[in-house]
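Let's take a walk through a protein model together. Have a look at the picture first, and then we'll go piece by piece.

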Amino acid sequence: MSSPTALSPQPAPRSYEVRTFGCQMNVHDSERITGLLEAAGYVPAAGAEPDLVVFNTCAVRENADNKLYGNLGQLVPAKKRNKDLQIAVGGCLAQKDQDTILQKAPWVDVVFGTHNIGSLPTLLERARHNDEAQIEILESLEVFPSTLPTKRDSAYSGWVSISVGCNNTCTFCIVPSLRGKEKDRRPGDVLAEVRALVEQGAVEVTLLGQNVNSYGVEFGDRGAFAKLLRACGGIEGLERVRFTSPHPAAFTDDVIDAMAETPNVMPQLHMPLQSGSDRVLKEMRRSYRSTKFLGILDKVRARIPDAAITTDIIVGFPGETEEDFQATLDVVAASRFASAYTFQYSVRPGTPAGEMADQVPKAVVQERFERLVALQDRIAAEENRAVVGRQVELLVTAEQGRKSGQTHRLSGRARDQRLVHFAVPEGAETPRPGDFVTVTVTGAAAYHLVADPRGPQDYAVRRSRAGDAWDRQEAASCGVPAAPGAAGSRPVDLGMPSLPVR
Ligand code: SF4
């Protein structure tokens with residue numbers, strides 16, 4: 001192939017759009033997909049019709065495949081209009097369905113799995129060159145995904161994978177068969193990525209894995225996760241460290257100690273319960289029991305009194321009786337979760353639970369689900385009311401509440417991850433996403449807190465490197481060069497709201 005000469009017109013860069021379904025792991029994989037595409041010369045479509053659409057799919061939720069094929073079908077007219085449009089499908093559903101995707105949607109150009117994200121640009125190129133759909137699914141990981149270029153969604157907060165895959169075999173979960181056995185990344189690599197993020201301006205990092213506290217099992221260090229948390233504590237400029245998700249069975253006291261003794265590890269814990277019935281936990285092949293679960297919460301609260309604990313709960317697992325469900329309600333009442341992700345059990349093909357005979361009728365599941373949500377909402381509202389009157393430091397987020405247009409409040413996350421909508425007093429400085437504000441909580445609901453300062457005396461802004469990074473990112477996205485020495489300098493005020501709507 002000849003290379004372009006100085007006189008030949010440069011082809012316009014191809015534009016892309018990534019559509020993400022599913023969990024945080026997928027959101028982070030999409031950041032890698034975006035990074036890879038941009039490294040290969042693609043540019044974001046930014047609302048215009050893209051030259052490439054990538055679906056990063058999820059196989060966990062009910063009807064995931066119907067939704068994918070619905071979305072793919074909607075692209076047929078665009079594909080007819082634009083012969084150069086390419087469509088790629090990756091993620092868990094691609095890993096699971098493999099060539100079925102091309103049988104059902106032959107207008108797709110590339111199918112890639114969860115273990116070979118890095119091949120996407122090459123597969124797209126090959127599909128274009130050969131004019132033939134490409135499918136590449138690997139059964140195991142070749143390159144740890146974090147070694148791929150990544151384009152972060154947020155200037156102030158980043159996700160860092162510490163492991164992928166899972167060695168557990170929960171009977172409702174498809175992850176082990178799609179993401180494979182746990183693979184741990186070396187601590188030095190994890191910490192280097194955290195440092196690099198902080199250098200780019202991030203003040204918050206969330207360590208990510210299917211089962212973070214078994215981190216180290218692959219290289220034979222059972223205490224590796226606690227050590228990793230403590231090492232994050234020594235990274236200058238890193239103000240907030242979070243992690244998700246641990247597993248109650250493998251959650252050890254050294255992790256609780258590391259959380260309590262490392263000031264930048266936030267007082268927040270997501271601890272998936274799934275069911276409060278020991279019989280159902282056994283059927284789910286989750287090796288802890290409710291007493292152990294409640295014991296972990298007691299220990300965490302003894303060491304970190306203000307910890308906000310959240311959870312995941314599945315209602316209507318096959319064979320769940322009213323008595324089993326009551327046991328879940330009892331554990332929820334005793335646990336006082338700050339919030340809970342509640343799911344109605346649905347058959348996930350390919351999982352052992354999907355084959356179980358005694359599936360609970362949908363109407364029964366729905367009725368139990370509503371009782372659980374009512375109980376948890378009451379508890380969350382009570383727990384949130386207990387925070388009213390307290391001073392909290394918030395990391396200001398780019399996302400705003402649904403009613404922010406009417407209330408003129410901005411939003412931030414407290415150290416314990418609670419969502420707080422706050423007002424900026426008249427004449428006071430408006431913070432940028434990534435800056436910190438200190439406010440006193442004045443109101444509470446089940447899903448958020450409110451802070452309406454009476455005046456500038458109740459409100460303090462701390463400008464941060466992350467806010468500067470936000471300014472730079474915004475300036476770059478609209479082609480305006482960032483002000484030199486952004487740190488400490490005010491951005492030019494054009495009379496426009498300084499918090500962009502994302
Ligand atoms: S711990 Fe269980 S639910 Fe979590 S990823 Fe592993 S198998 Fe799935």
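A residue counts as near a molecule if its C-beta atom, placed from the backbone, lies within 6 Å of it. Keep in mind that what you're looking at is a predicted model. With that cut-off, which residues surround the ligand? They are C166, N168, T169, C170, C173, V175, P176, Q210, N211 and H247. Sort this shell by type and you get five nonpolar residues, five polar ones and no charged ones.

Now for a sheet. Three strands line up in the order β7-β10-β11, paired in parallel, and the sheet is open. At its edges sit β7, covering 157–161, and β11, covering 240–244, each of which pairs on one side only. Going from one strand to the next, the twist averages 25°.

Let's zoom in on one pairing. Strand β10 takes in residues 204–208, and five bridges join this strand to β7. One of the residues to look for is G158, whose bridge partner in β10 is V205. Packed on the sheet you'll find helix α8, residues 187–199, which touches both β7 and β10. The direction of α8 makes about 165° with that of β7.

What about V160? Setting aside neighbours within four places in sequence, V160 is in contact with V190, E193, V194, L197, V205, L207 and L208. V160 also belongs to the largest nonpolar core, which has 115 residues, and is listed with A88, L120, L229 and L394 as having the most contacts inside that core. Helix α9 (residues 224–233) gives the most to this core, with six residues. In soluble globular proteins, nonpolar side chains tend to be buried together.

How values were computed:
Residues are numbered from 1 along each chain as its sequence is written. This is a predicted model: local features need pLDDT of at least 70, side-chain atom pairs count only at pLDDT 80 or more; totals for chains, interfaces and linings use all residues. Two strands pair if DSSP finds at least two bridges between them. Helices (H or I, at least four residues) and strands (E, at least two) are DSSP runs, numbered from the N terminus. Axes are lines fitted to C-alpha atoms, for helices over the stretch in contact, and angles run from 0 to 180 degrees between N-to-C directions. Two residues are in contact if their C-beta atoms, placed from the backbone, lie within 7 Å. A nonpolar core is a set of buried Ala, Val, Leu, Ile, Met, Phe, Trp, Tyr and Cys residues joined through C-beta atoms within 7 Å. A residue is buried if 20 or more other C-beta atoms lie within 10 Å of its own, exposed if 12 or fewer, and partly exposed in between; C-beta atoms are placed from the backbone. Ala, Val, Leu, Ile, Met, Phe, Trp, Tyr, Cys and Pro count as nonpolar, Asp, Glu, Lys and Arg as charged, and the others, Gly among them, as polar.
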